[in-house]
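Here are my notes on the helix packing and on a few individual residues. Please read them beside the model.

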Amino acid sequence: MISFPVIIPVKTFDLAKRRLSGILQPPERAALARTMLIDVLNVVASAVLPSNVIVVTSSPEASGIAKSAGTQVLQEAASSDLNSAIEAAARHVIVQDAGGFLMLPADVPEVTIAVLHQALVALDQNGSLVLAPAISDGGTNLLACRPPHAIRPEFGAGSFAKHLAAAERSGLTCHVLNSPELGRDIDSPEDLARFLDRRTSTLTDRLLRDLRRDLERDLGLERDLGLERDLGVATRPVPPGLATAYETQLLSGGNLSEERREYIR
């Protein structure tokens with residue numbers, strides 16, 4: 001199987017998903033970020049050797065999750081922007097004499113082994129760039145580059161168009177993966193509502209439905225309200241220990257990860 005290092009940048013969990021702050025409180029947003037990372041790692045570690053995965057983070061919690069999955073950790077001194085994290089990882093893979101790399105965000109829990117293999121096959125040609133656009137905001141949800149220094153990452157608003165332009169300027173062969181699984185990240189309340197509508201067999205889906213059930217029980221809402229399309233109201237009581245209890249089950253039990261692996265095979 002063709003293989004290149006897979007880079008996964010991860011913010012500290014307490015800084016993640018701030019665009020969801022109107023509907024999820026800080027412990028819930030942190031739990032969501034952790035669970036999405038575990039979903040992504042489960043898939044990536046089944047597509048390539050775990051030792052060929054590099055998690056770039058300044059978070060001790062994210063480092064612990066990555067090491068438990070058998071992946072490398074590139075420790076940042078402090079949380080940096082996404083472009084700086086990817087550039088640091090690209091320098092790291094050059095030192096390791098890797099011919100290229102694939103960058104995947106930690107918030108695409110629907111990613112599949114098949115689409116990762118497709119990206120790696122496309123990267124087999126030297127002088128190649130592989131991109132997957134984000135469906136909702138013109139961003140980039142996968143960037144694979146060979147050689148690793150061929151372009152500078154330009155993540156941010158409209159990054160997909162910027163990466164396409166950079167490939168053209170550099171004379172790279174650009175492959176675009178129009179993959180729904182890669183295109184769907186979870187950044188906004190609308191993203192979250194659409195994600196739950198699809199009822200995926202992911203740990204992220206299970207966590208969010210646990211949060212919804214607890215909300216409905218505590219506020220006495222009818223179960224068929226279905227998050228009012230955006231998980232409910234902005235101010236509400238947070239069930240004590242819900243996120244922590246779920247994470248403990250997720251990280252120490254092992255059964256959920258195994259179930260997820262069975263699903264994606």
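1. Helices α1 and α2 are roughly parallel to each other, therefore falling in the class for angles under 35 degrees. The angle between α1 (residues 26-47) and α2 (residues 60-68) is about 25 degrees, and their axes lie 11 Å apart. Axes here are lines fitted to C-alpha atoms, for helices over the stretch in contact, and angles run from 0 to 180 degrees between N-to-C directions. Helices are DSSP runs (H or I, at least four residues), strands likewise (E, at least two), numbered from the N terminus.

2. This is a predicted model, in which local features need pLDDT of at least 70 and side-chain atom pairs count only at pLDDT 80 or more, while totals for chains, interfaces and linings use all residues. Residues are numbered from 1 along each chain as its sequence is written, and side-chain values use heavy atoms, with hydrogens and water left out.

3. Which residues make the contact between α1 and α2? From α1 they are R34, L37, I38 and L41, and from α2 they are E61, A62, I65 and A66, contact meaning heavy atoms within 4.5 Å. By class, 6 are nonpolar, none is polar and 2 are charged (Ala, Val, Leu, Ile, Met, Phe, Trp, Tyr, Cys and Pro count as nonpolar, Asp, Glu, Lys and Arg as charged, and the others, Gly among them, as polar).

4. α1 also packs on α4 (residues 113-122), at an angle of about 55 degrees with axes 9 Å apart. That makes α1 oblique to α4, the class left once under 35 (roughly parallel), over 145 (roughly antiparallel) and 65 to 115 degrees (roughly perpendicular) are taken out. V43, V44, S46 and A47 of α1 meet I113, L116 and H117 of α4. This contact has 5 nonpolar, 2 polar and no charged residues.

5. A69 sits in the loop between α2 and β3 (72-75). With a relative accessible area of 26%, A69 is partly exposed (buried is under 20%, exposed over 50%, partly exposed in between; 1.4 Å probe, protein chains only). Leaving aside residues up to four places away in sequence, A69 touches L41 and P50.

6. D205, in α8 (residues 203-219), counts as buried at 6% relative accessibility. Beyond residues up to four places away in sequence, D205 touches F195, L196, R199 and T200. In α7 (residues 189-198), the buried residues include F195 and L196.
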